[in-house]
Amino acid sequence: MELTSMKNIKEIQQKFGFTFKKGLGQNFLTSAAVIDKIVDAADCENGVIEIGPGFGVLTHALSEKSKKVVSVEIDERLVEVLEYTLSDCDNVKIINADVLKTDLKKIIRDEFGGVKISVAANLPYYITTPIIIKLIEDKLPLDSIVVMVQKEVAQRICAMPSTKDYGAISVLCQYYAEPSVVTEVKASLFVPPPKVDSAVLKLKLRDRPPVITNDETMFFKCVKAAFSKRRKTLLNCLSSFFGMDKGLLTEAMERINIAPSRRGETLTLQEFAALADMLCCLQR
Ligand code: SAM
């Protein structure tokens, strides 16, 4: 069954009495070309976890390329719909759960034998950022994450220092992955159409971070501090976040060639690493 066809979507809705729940971010994709781009970008041959299968339009396409698909769907009304739409796919498992409360490490161990797999999804937009943060911070054995997100979120994740979009999420994603935009997607290609345009974002997970720091926890504390008050200087952000003397901090920052008057959003990953190592020394 062609699940991108409006006629078929309406038929399924009628058959199961299904209405879209806005609160669950239910904007279903109706473009076969976009589905193809997601599947092409996903390194999913060994296996893939999908978040939010909806009627199964992406699930179906993934099941043709991947050895096994595990799809996590929060809406229990969709379980019987998926049994119907995916009846010809014998390598798909549906888990009815909230992805944010799901132990994905256990799924990868139990369902995929712990090998590196990928994540692919048309994400529910009300929780895009928490899902991406979870996927990264859980340190899962993943090759890549290919997800449909709001265009602005994709821009923030890919942003370079000294641009308005650069923030803590850019640093987090760029530290653990190489982000890129696969394609932009117009709101009119979803049913119902969301209020914003979208983009397919690919995060190719790195084997090792692009910069070396002696203390990753301190690195991310510095990132949090630097972006905590965007209008303040880095010196002010750091001294209030860490409760440290400004004179001491000024001297130490000058030693690593980071001007205390700079704003957090101008720092490269390399500079965050230098800052973290310097703060570790100061706090010893
Ligand atoms: N994959 C389908 C498609 O592309 O047409 C549907 C995508 S729709 C944007 C998001 C899907 O995520 C919906 O099916 C929704 O019910 C599901 N969802 C929302 N919140 C979720 C959560 N916390 N955990 C798992 N699935 C969720």
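The model is predicted, so local features need pLDDT of at least 70 and side-chain atom pairs count only at pLDDT 80 or more, while totals for chains, interfaces and linings use all residues. Residues are numbered from 1 along each chain as its sequence is written, and side-chain values use heavy atoms, with hydrogens and water left out.

Q: Why is Lys7 called exposed?
A: Exposed means over 50% relative accessible area, buried means under 20%, and partly exposed is in between (1.4 Å probe, protein chains only). Lys7 has 60%, so it counts as exposed. Its place is in helix 1 (residues 6-16); helices (H or I, at least four residues) and strands (E, at least two) are DSSP runs, numbered from the N terminus.

Q: What makes Thr85 buried?
A: Its relative accessible area is 7%, so Thr85 falls on the buried side. Thr85 sits in helix 4 (residues 77-85). Leaving out residues up to four places away in sequence, Thr85 touches Leu3, Ile12, Phe55 and His60, where contact means heavy atoms within 4.5 Å.

Q: Why is helix 8 described as largely enclosed by the rest of the structure?
A: Because eight of its nine residues are buried. Among them are Ile169, Leu172 and Tyr176. The buried residues of helix 8 pack against helix 6, helix 7 (151-158), strand 7 (177-185), strand 9 (198-205), helix 9 (216-226) and helix 12.

Q: How are helix 6 and helix 8 set against each other, and what is the angle taken between?
A: Helix 6 (residues 128-137) and helix 8 (residues 168-176) pack at about 35 degrees, with axes 11 Å apart. Axes are lines fitted to C-alpha atoms, for helices over the stretch in contact, and angles run from 0 to 180 degrees between N-to-C directions.

Q: Which residues make that contact between helix 6 and helix 8?
A: Helix 6 brings Thr129, Ile132, Ile133, Ile136 and Glu137, and helix 8 brings Ile169, Leu172, Cys173 and Tyr176. By class, that gives seven nonpolar, one polar and one charged residues. Here Ala, Val, Leu, Ile, Met, Phe, Trp, Tyr, Cys and Pro count as nonpolar, Asp, Glu, Lys and Arg as charged, and the others, Gly among them, as polar.

Q: Which residues touch the most other members of the largest nonpolar core?
A: In this core of 64 residues, they are Ile132, Phe219, Phe272, Leu275 and Leu279. A nonpolar core is a set of buried Ala, Val, Leu, Ile, Met, Phe, Trp, Tyr and Cys residues joined through side-chain atoms within 4.5 Å. Helix 12 (residues 269-283) gives the most to this core, with eight residues.

Q: Why is this core said to lie between domain 1 and domain 2?
A: Domain 1 (6-205) and domain 2 (216-282) both give residues to the core, so it lies between them. The domain bounds come from an automatic or database domain assignment. The two domains also meet: 13 residues of domain 1 are in contact with twelve residues of domain 2.

Q: What makes Asn257 count as exposed?
A: Asn257 has 66% relative accessibility, so it is exposed. This residue lies in the loop between helix 11 (246-255) and helix 12. Its phi is positive, about 60 degrees, although Asn257 is not a glycine.
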